[in-house]
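This report looks at one residue and at the sheet around it. The sequence and structure come first.

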Amino acid sequence: MKRILLAVSILITFCFAKCEKDKLDINGLVPATQEGKNTLGFLLNGQPWAPKGFNGTANLSIDVDFGFNQGVFGIAAYRIISDDNREYFGIGIKDSLNFISLSSRLPMTKNSIANSRFSNFKCDMNFYDTLTFRGGELIITKLDKINRIIAGTFNAVLFQPGCTDTIKITQGRFDMKF
């Protein structure tokens, strides 16, 4: 009888347990961590956004190079909503990552070293497009070169004439192992 109770207890525990990765905050976003969990999320015009789907390459990736332009990094992510509706997001620093102090607020404007990108089937708002209005900030909260972890928070506003929507990104967070 004790074995049956033990087996039932174990079965119930596994059936109702959720992976830590499934835990979301009150807004439906992954927690803002600094452990190299390879997560990214934000609110896109008030709705939760996270990488989703597979198109032959990883839906979340990072590139870091401390030797190029005094240190650069870029995170790329995509979300497949349907066959004809895909969204792409990117964020990064194009220069001087080696000299940035933690918790510095880096503006994401037209000529700043930090920038973001968003595109969907309606529009492509790139950091190099002179018509795209950009605003926001990026905060690096952890940069651990030994354990190869970079984490931070961000928010952004992107607009391009001719596009129907202004993109408002709030409560952004990432925690990546490079």
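## A buried arginine

Arg173 is buried, with a relative accessible area of 10%. Buried means under 20% relative accessible area, exposed means over 50%, and partly exposed lies in between (1.4 Å probe, protein chains only). This is a predicted model, in which local features need pLDDT of at least 70 and side-chain atom pairs count only at pLDDT 80 or more, while totals for chains, interfaces and linings use all residues. Residues are numbered from 1 along each chain as its sequence is written, and side-chain values use heavy atoms, with hydrogens and water left out.

Arg173 sits in strand S11 (residues 167-177). Strands (E, at least two residues) are DSSP runs, numbered from the N terminus.

## What Arg173 touches

The Arg173 side chain reaches the backbone oxygen of Val30 at 2.6 Å. Contact means heavy atoms within 4.5 Å. Neighbours within four places in sequence aside, the contacts of Arg173 include Asp25, Leu29, Val30, Pro31 and Ala32. Thr39, Leu40 and Gly41 are also among them, as are Gly152, Thr153 and Phe154.

## The sheet

S11 belongs to an open sheet of six strands. The order is S2-S1-S11-S10-S9-S6, with antiparallel pairing. Strands S2 (47-49) and S6 (105-107) stand at the edges, each with a single partner strand, so one side of each has no neighbour in the sheet. From one strand to the next, the twist averages 15 degrees. Two strands pair if DSSP finds at least two bridges between them.

## Strand S1 and its partners

Strand S1 (residues 39-44) is joined to S2 by three bridges, and the two run antiparallel. Phe42 has Trp49 in S2 as its bridge partner. S1 and S2 form a hairpin with two residues between them. In that turn, Asn45 has a positive phi of about 50 degrees. Five bridges join S1 to S11, again antiparallel. Here Thr39 has Asp175 in S11 as its bridge partner.

S1 is mostly covered: six of its six residues are buried. Thr39, Gly41 and Leu43 point one way from the strand. Leu40, Phe42 and Leu44 point the other way.

Technical notes:
Helices (H or I, at least four residues) and strands (E, at least two) are DSSP runs, numbered from the N terminus. A polar contact is a pair of N or O atoms within 3.5 Å; within protein, one must be able to donate a hydrogen and the other to accept it, and residues adjacent in sequence count only if both atoms are side-chain atoms. Axes are lines fitted to C-alpha atoms, for helices over the stretch in contact, and angles run from 0 to 180 degrees between N-to-C directions.
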